[in-house]
Amino acid sequence: MSTCKKTRAEATSVVSSDRLSSLPPKIKGNVLSRLDVREAVRTSTLSSTWRDAWTNMPKISLRDGNFTRTRFVTLVDMVLALHMGTIEEFDISSEKSYHDEFARWMLMLSRRSPRSVTIKLNSGPRYKISSCVFSIGDLKFLQLENCIISLPRAFQGFKSLTYLSLNNFSSTDRNIQNLISFCPVLKDLILTTFEGINQLNIQAPKLEYLRVYGDFEDINLEAPNLKVAILYLGHQAKAYQSVPIVHDKENHIKKSLGGLSEIKILGITGSFMKYLSKGRILTKLPSVFTRLENIYLNICFWDRRQVFAAYSLFQNAPNLKKLAVWVRMVVNPLPPSITHSMFLVFATPYELLFLLFLQSYPSSTWDQCQARILEHTLQMQMDHLVTASV
Amino acid sequence: MAATPADASSSSSEAVVGGEKSNKMITLISSDGESFEATEEAAKMSVTIKHMIEDGCADDGIPLPNVPAKILSMVIEYCNKHAADADDTNKHVADPADADEDDDNNNNNASAGEKEDLKSFDASLVAVDQATLFDIILAANFLSIKGLLDLACQKVADDIKDKSVEEVREIFKIENDFTKEEEEAVRKENAWAFNE
């Protein structure tokens, strides 16, 4: 081997040429991103062209599988310190706790201006998200678990954020409201399992997908472009416990869902139907949900208010195509010939009332399957219909 | 593969109504002069071609001097297969908590079976010799077809995974231009990535 620095073999001249090394840097980065991080780093010894290739890879995925604690800490420290290029995606996940290291990792990460950040450190007490994270201006995608959200005073917002998912977090009404409203292009919002939030105020003009799962007392949705809303209110929530106030003039459906003129799919699960049935029940809501096609409902049939509230919803959804209803207790399951996941329990006239409401929909707008079920169940109850008080 | 529909279009371009999927065919010309036809929908999976169509440069066929016929036909095959799935609407499956919902396939673009079909198609498309694989990568890069580029890069990554440095050099014919001392030094720098 010659002692002077070798020149690289021309990629085009030899039959068996090294085409991998001559790939454009972006593509090399794409390939390296798909390797385990340590493997990607090891490519630095392949040849001189590969020495720094990994430091430009666009995606960094740090999964703490069977690393020892020290090894994982070293890995994260070194990768964050040595990486040089733009980070398109960064994700870190572990079942161990890294509370001592978290702050410096966030600092190092925020200096790299990543576009997408996913943090799933699910063990131990919640991690307070450092203020430097909130200054990552180009952030497009943010997914956090097991954390505390407390916005810094100088929060400018995430001008490019389109996806926000917070799971198992604690915060305050104000913080969440501000976080959301300071993200002008937010399209997808997922808030699951939270503490410290009573009133959810979601002001998101570009929001198209919303999923909420937790305990809250009140919800206000100002999201005129919302297409899909899946809302789950926990059973322990205060809203479930409280007795409807007689003089509560507000209609909760109107308050929460009234502005959703573009809504296409609506999921009302847990005790959310109970929440919606509070206050006044209006048959004619101010807005008609002309685009509403699918409704998923959890409902207590023995709660007349809920039945009426549901009815008012159906009445204002002229183009409804699909309705799926669940009750938690299935007393008399439908015969095996019915395969669809739609269980109705018949015990009081109110269920029959409900069925009648469903029946008032022209069957041509229903899925064939749905129509069959309805027919069948209606048949079963035909005798009772005569005697029920409608 | 060249797709020649019964209603082969003339070379005159018609105004494309925004957002609608026209049945217009686009002619793509490989570096060795062979012509291929693809639906506009499939052709537009290439962002490069999409821009050329929108700029009105596609009337007499689009010459692709970087892409040989063999590769171009594979690319078009990919685009044809994936064009139908490219529609982004409703990519979120409505997934209510504690719901027994199994059917949201009205909202998905492909059922489970179709997805399996696509996966095996993709796998066989990139199960080619190294030279062809790199040609596909460069073509997908030039044509800006993200899905195909990612697919091919994943295949290369799969070929690198779990191999030692020496094995990788052998498979990809990488010339080790480090001296023994240089290589040792680099290894030391990144020792944290090497020890088991």
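**Close-ups of a predicted two-chain model**

**View 1. Helix α5 of chain B and its neighbours.** The buried residues of α5(B) pack against α1 (25-33) of chain A, along with α2 (47-54), α3, α4 (112-125), α6 (146-160) and α7 (165-172) of chain B. Contact here means heavy atoms within 4.5 Å; helices (H or I, at least four residues) and strands (E, at least two) are DSSP runs, numbered from the N terminus. This is a predicted model, where local features need pLDDT of at least 70 and side-chain atom pairs count only at pLDDT 80 or more, while totals for chains, interfaces and linings use all residues. Residues are numbered from 1 along each chain as its sequence is written, chains are lettered from A and ligands numbered from 1 in written order, and side-chain values use heavy atoms, leaving out hydrogens and water.

**View 2. Inside α5(B).** Which residues of α5(B) are buried? They are B:Thr132, B:Leu133, B:Phe134, B:Ile136, B:Ile137, B:Ala139, B:Ala140 and B:Leu143, with buried meaning under 20% relative accessible area (1.4 Å probe, protein chains only). The 14 residues of this helix (130-143) should span 20 Å at 1.5 Å a residue, and its end C-alpha atoms are 20 Å apart, which agrees; the expected span is 1.5 Å times one less than the number of residues.

**View 3. The largest nonpolar core.** This core has 146 residues, and A:Leu62, A:Ile149, A:Leu191 and A:Ile202 have the most contacts inside it. Helix α3 (residues 69-83) of chain B supplies the largest share, nine residues. A nonpolar core is a set of buried Ala, Val, Leu, Ile, Met, Phe, Trp, Tyr and Cys residues joined through side-chain atoms within 4.5 Å. A second, separate core of eight residues includes A:Tyr163, A:Tyr209, A:Ile265 and A:Tyr296.

**View 4. Around A:Leu191.** Setting aside neighbours within four places in sequence, A:Leu191 is in contact with A:Leu166, A:Phe169, A:Ile176, A:Ile180, A:Leu200, A:Ile202, A:Arg211, A:Val212 and A:Tyr213. Zooming out, chain A has eleven helices and 14 strands, and 53% of its 390 residues count as buried.

**View 5. Two annotated stretches.** UniProt (unreviewed entry) places "domain: F-box" at residues 23-63 of chain A, where the chain is 37% helix and 12% strand, with end C-alpha atoms 28 Å apart. In chain B, the UniProt annotation "domain: SKP1 component dimerisation" (also an unreviewed entry) covers residues 146-193; that stretch is 75% helix and 0% strand, its end C-alpha atoms 30 Å apart. UniProt positions follow the numbering used here, feature names are shortened, and annotations may be inferred rather than shown by experiment.

Technical notes: Buried < 20%, exposed > 50% of the residue type's maximum accessible area, 1.4 Å probe, protein only.
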